[in-house]
Amino acid sequence: MHPPPVRAHPGCVTARPDIRGPALDETGRALARATVGAVQAVGGYAGGVYLRSGTDGLLRLAVLVGLPGPLFRPWWRMQVNRPYPVAEAYRSGHAVHLSDAESTMRLFPQLMAGLPFAFGSLYEPLAAGRERYGVLMVLRTATPGMPVGPEDRKRLREAAAALTRELARLTAAGEPVVWDGDPVCVEPPDAAADVSVAVGRLPQALLSLDRLGRVGYVGQRAGALLGPEVVGLRGRVLWEALPWLGHPVHEDSFRAVYMSGEPMGFLARRPAGDWVAVDLYPGTGGVSVLLTAARAPAYAPGSVTRPGTALGSPGDRATAVYRPVAMAIALTEAVTARQVSAVVTEELLPAFGGRQLAIYLLNERHLHLAWETGFPKGFLNRFDGVGLDVRLPGVETLTSGRPIFFESMERLAAAYPGIPMDTNIGARAFLPLIASGRPVGSCILGFDAPRGFSPEERTVLTALAGLIAQALERAQRYDTEAAVARGLQSALLPARLPVLEHVDTVARYLAGTQGMDVGGDWYDVIETEPGLLALVIGDVQGHGVAAAATMGQLRSAVRAFALNGSSPQEVVSGVNRLLIGLDPGQFASCCYVLLDPASGRALAVRAGHPQPLLRHPDGRAEVLDLPGGVVLGIDPRAEYPVAELTLEPGAVLALYTDGLVEQPGTDIDVGVERLRAVLAETGPGPLTETADRLISEAGQAADRPDDIALLLAARGPAARTQR
């Protein structure tokens, strides 16, 4: 599915859901009708559909109903790993219902930082089984203190289900459901300009806008106020026809009136220098705009919005104010340097129209390239490792502590003769990364075309550079501790597994990608006495050096009890008491299986750990139902029952930690069932391939909140393979 071949409105494609011909193809009409229907079903005023794109991990807005598309350009693209309700609904497969600004701020503060208005919003995933297409979204008037009712939830769910069936039909017909262009901006069916209503709202110089911001009615007195600017105004988007209304400050007011449904007002200055009071009065079908000649403001020099008119904040709050807020919120969630760099790429570049980004970090008086995007491959390598005595803008911005802006590449070349450049057209900003007076590195922003940098933009970029520096400094500390934890854990996990007749064992471990990366997951295979093998897997609460150290102590304790000839029940009970004595308050899960490879008979004990999986020789896989006790470290008198099971020749036993089956917002039983199905599908073959297949999906995930351990044991004539 691709955007229909239509004549594009600046910034988006504009159409009505009921028209045929070149404006919307069959697919576009289906999306538009479904969105309009959902908006009407739950009493909304706007809505849209996000679909997956050809870029992995990126959703794109395919259809937008009832809002001017260009005003909401920052939300046309949505990374699925970002903390926004659209991404959450897509990731989790569960609906998100936000009734008012308070609930939105509590659950998704980053959304409120960018759209700080009073509105309600509902998000329903478009998914069939494991096939995820996107998210259906509806915006409506806020209902403070009143949650979204069950009837509205049901109506939206039914609308999403109908659209999902249509998308599944298109997929079955061979048309991929993928969106890689600008959204189709759809006018609601009842949004035609009603002149009589507009005139009735206000009696003076009046314009009437539809839900897409287009002028539908021009009052007689507008000509006297606007002069020649009134010619050709009808049918055009207001802030494009009158560019002096397109300032970011005013865009924020237009966004507020369309989102919140509350009247707004501000002062705007025309090119000739005279001032106009602009009052916005929203209604169901659009917005009435009252224009009145005004005197130059006597308050707050430089402010262009009248105090007290914005929603819950001074009226002069501009777009440039909430950009640092949104960035700050995102950076607080980033822990590693890679995550910080990804946030800068996803949040900073789109906000300022940048195309290239490079981050250099300082180490022993040399700058080393840590992150880049958008530059020609290999171009920046020549600057990697430069010393602080080299005359380069990326160096001097750090040594001087001042940002350096070049409005064109010609100016950059003139200031630094002979400097290698990747292009002759564009602009550059070099920002110092300094945290609490300590130099961290430098950041380079690149733009495809020459551009100026207003005083406001320079101030915002400088402030953001400070936030980035603090986040990177924090990330470097985390990375250092994570490296220590990884080294500790690597030393504590078994270097190789024992080899015995009649049984083959394979293990896999993946560190998490969030937080401290390394957790307390561990596994072991112990030859307890001639002919017997203990299979052990466990998970210590927490991450970092402390969790890895506790894991090492528990693994050593399990080996000591097992090699001493203790029964499975005695091993687990002894380790439980030991953990309580070592670290009260710390706890861990564990599964211990003592296997006789010759007979296949096994004794298993489970302490709060996920149930093992067993694939039978005929290919059937099941989730075992072993009795168990509480997790280790809670109750010194806890009892751990023993269960008997048998591994037939050709059977495979799978032990794993919860990181392999848990996903945010999804029941763990769903993950266990998915793993069981994959184990059943693998069929006979080398055990290493089975292990790789079971862990492949988790290994490809960009964000893993927890680490993962997997231990497989196959009984029978399985070929010995490199582990």
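Helices and strands are here taken as DSSP runs, numbered from the N terminus. In the predicted model, phenylalanine 587 falls in the loop that joins α16 (568-582) to β23 (588-595). With a relative accessibility of 30%, phenylalanine 587 is classed as partly exposed, because that class covers values between the limits of 20% for buried and 50% for exposed residues. Together with Val630 and Ile634, Phe587 makes a nonpolar surface patch of about 250 Å².

The buried residues of α5 are Asp152, Leu156, Ala159, Ala160, Leu163, Thr164, Leu167 and Leu170. In an α-helix there are 3.6 residues a turn, so residues three or four places apart point the same way. Just after α5, a positive phi of about 95° is found at glycine 174.

Rolling a probe the size of a water molecule over the atoms shows where empty space is left. Four cavities of 30 Å³ or more are present in the structure, and the largest cavity holds about 260 Å³ of space. This largest cavity is lined by 21 residues, of which Leu380, Phe383, Ile419, Phe430 and Ile444 are the closest to its centre. At least two lining residues are supplied by each of α12 (393-400), α13 (409-415), β18 (427-435) and β19 (438-447). Helix α12 contributes the largest share of this lining, three residues.

Terms used
Residues numbered from 1 in each chain as written. Predicted model: local features only at pLDDT ≥ 70, side-chain atom pairs only at ≥ 80, totals over all residues. Heavy atoms only, no water. Patch = residues over 30% accessible without salt bridge, like charges linked within 9 Å, V, L, I, M, F, W, Y side chains within 5 Å. Areas by Shrake-Rupley, 256 points an atom, 1.4 Å probe, with all protein chains shown as cover. Salt bridge = Lys/Arg side-chain N within 4 Å of Asp/Glu carboxyl O. Helix = DSSP H or I, 4+ residues; strand = E, 2+ residues; numbered from the N terminus. Buried < 20%, exposed > 50% of the residue type's maximum accessible area, 1.4 Å probe, protein only. 1 Å grid on protein atoms, 1.4 Å probe; cavity = no way out; pocket = protein on both sides within 12 Å on 5 of 7 lines; lining within 4 Å. Points joined across faces, edges and corners; volume = space filled by probe spheres on them.
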